[in-house]
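Visitor: I have a protein model to look at and some questions about it. Can you take me through them one at a time?

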Amino acid sequence: MARIRWLGHAAFELESAGKTVLFDPWLTNPKSPVKPEEVSADVVLVTHDHSDHLGEAIQICKRTGAVFVAIYELATHVSKEGIETIGMNIGGTVEARGIKITAVPAFHSAERGNPMGFVVDTGEVKVYHAGDTGLFGDMALIGELYSPDIALLPIGSVFTMSPLEAAKAVELLKPKIAIPMHYGTFPIIEQDPKEFERLVAQRSPETRVIIAEPGKWIELGV
C-alpha cells in the first residue's frame with residue numbers, strides 16, 4: 001500500500017513499491033516534523049533551485065545514496081558534489097530506481113534551468129507534484145495524458161497559485177485526491193486550506209481534498 005506524508009512547505013515523502021521518494025526536501029522549514037538526517041530516500045526530486053525547494057537535498061543524497069533528479073542545468077551543477085544525478089527537461093520521462101518520472105511545466109522562476117513539476121508513477125500510484133507554479137491551461141493535458149491519482153498543489157499565493165487558482169487546477173487535472181501545500185510557512189503565504197477545499201467541492205466534487213498535517217501518514221488506497 002502506498003502512503004505519503006507532508007513534511008511542511010512543498011516537501012513530501014512518498015513510500016510506494018518498496019521505494020522512498022522525497023519531493024523538494026527543505027526539512028529545516030518551520031513546519032517540518034523531521035530533520036534532514038532523519039529521513040531515508042531512494043530518489044530525491046527537486047522542482048527548482050530556490051532554497052526553500054532545493055533545501056537539504058544534496059546532503060540527503062550524500063548520506064542515503066539517493067539519486068537526485070532535476071532540470072538538466074541544476075542536476076549538472078549538483079553532480080559536482082559527487083552524488084548520482086539525473087538531469088532531464090520538460091516533456092521528458094526517465095526511470096530512477098524503478099520509479100517512472102515525467103517532467104511537466106511549471107510557471108515560476110529559477111536561477112538554473114526552468115522550474116518544473118513532476119508526475120511520478122510507481123506502478124501503485126501516480127502523484128503529480130506541481131512545484132511552485134501559477135495556473136496554466138495545459139494542466140488539463142497533464143490530467144489527460146498522465147491521469148494522476150494525487151495532485152500536490154501550492155495555494156499560498158504571492159509566489160504561486162492561491163486557493164482559487166489551485167481549485168481551478170484541480171478541475172483541469174481531475175485527480176482522485178488533492179492535497180494543498182506551500183502555504184502557512186511564513187505570514188506572507190498564510191492561507192485557509194478550508195477555502196481551497198470549499199472551492200474544489202464546487203469545481204471538482206469528485207475529487208477528495210485532504211488537508212495534511214505535517215508528519216502524519218496518508219494511506220493512498222486509490
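Visitor: Is His48 buried or exposed?
Guide: This is a predicted model, so every value here is computed from it. His48 lies in the loop between strand E4 (43–45) and helix H1 (51–54). Its relative accessible area is 1%. Buried means under 20%, so His48 is buried.

Visitor: Which side chain makes a polar contact of 3.3 Å with the side chain of His48?
Guide: Two polar contacts are worth a look here. The side chain of His48 makes one with the side chain of Thr47, at 2.9 Å. The 3.3 Å contact joins the side chain of His48 to that of His50.

Visitor: Which residues does His48 contact, leaving aside neighbours within four places in sequence?
Guide: Set aside the neighbours within four places in sequence. His48 is then in contact with His53, Leu54, Leu74, His108, Ser109, Ala110, Pro115 and Asp132.

Visitor: Asp132 is on that list. How far apart in space are Thr160 and Asp132, C-alpha to C-alpha?
Guide: Thr160 is found in the loop between E11 and H5. Thr160 counts as buried, at 10% relative accessibility. Asp132 is one of the residues it touches, along with Thr133, Pro154, Ile155 and His182, not counting residues up to four places away in sequence. Thr160 and Asp132 are 28 residues apart in sequence, yet their C-alpha atoms are separated in space by 5.6 Å.

Visitor: Which residues of H5 are buried?
Guide: Start with what covers them. The cover includes strand E10 (126–129), helix H4 (139–146), E11, E12 and H6. The buried residues of H5 are Pro163, Ala166, Ala167, Ala169, Val170, Leu172 and Leu173.

Visitor: Which residue just after H5 takes a positive phi?
Guide: Look just past the end of the helix. The phi there is about 60°. The residue is Lys174.

Visitor: Why are the buried residues of H6 on the same side?
Guide: Helix H6 covers residues 193–203, and Pro193, Phe196, Leu199 and Val200 are buried in it. They sit on the same side of H6 because the arc they cover around the axis is only 115°. On the other side, Lys194 and Gln202 are exposed.

Visitor: Which residue caps the N-terminal end of H6?
Guide: Look for a side-chain oxygen at 2.9 Å from the backbone nitrogen of Lys194. That oxygen belongs to Asp192.

Visitor: How many aromatic pairs are there?
Guide: Rings of Phe, Tyr and Trp pair if their centres lie within 6.5 Å. By this rule the count is three.

Visitor: How many residues apart in sequence are the parts tied together by Trp6 and Tyr183?
Guide: The ring centres of Trp6 and Tyr183 are 5.6 Å apart and the planes are at 20°, so the pair is stacked. Both residues are buried. Trp6 lies in strand E1 (residues 2–6) and Tyr183 in the loop between E12 and H6, so the parts they tie together are apart in sequence by 177 residues.

Visitor: In the pair of Phe107 and Phe136, which residue counts as buried?
Guide: This pair is tilted, with 5.0 Å centre to centre and 50° between the planes. Phe107 is in the loop between strand E8 (99–105) and strand E9 (116–121), while Phe136 is in the loop between E10 and H4. Phe107 counts as exposed, at 54% relative accessibility. At 7%, the one that counts as buried is Phe136.

Visitor: Which residue lies over the face of Trp217?
Guide: Look 3.8 Å from the ring centre of Trp217. The residue there is Arg3.

Visitor: Which element gives the most to the largest nonpolar core?
Guide: The largest nonpolar core has 76 residues. Phe68, Ile101, Tyr128, Leu153 and Ile179 touch the most other members. With six residues, the element that gives the most to this core is H5.

Technical notes
Residues numbered from 1 in each chain as written. Predicted model: local features only at pLDDT ≥ 70, side-chain atom pairs only at ≥ 80, totals over all residues. Heavy atoms only, no water. Buried < 20%, exposed > 50% of the residue type's maximum accessible area, 1.4 Å probe, protein only. Helix = DSSP H or I, 4+ residues; strand = E, 2+ residues; numbered from the N terminus. Arc of directions from axis to C-beta. Polar contact = N/O pair within 3.5 Å; in protein donor to acceptor, adjacent residues only side chain to side chain. Contact = heavy atoms within 4.5 Å. Phe/Tyr/Trp six-rings, centres within 6.5 Å; stacked < 30°, edge-to-face > 60°. Lys NZ or Arg CZ within 6 Å of the ring centre and 35° of its normal. Core = buried A, V, L, I, M, F, W, Y, C linked by side-chain atoms within 4.5 Å.
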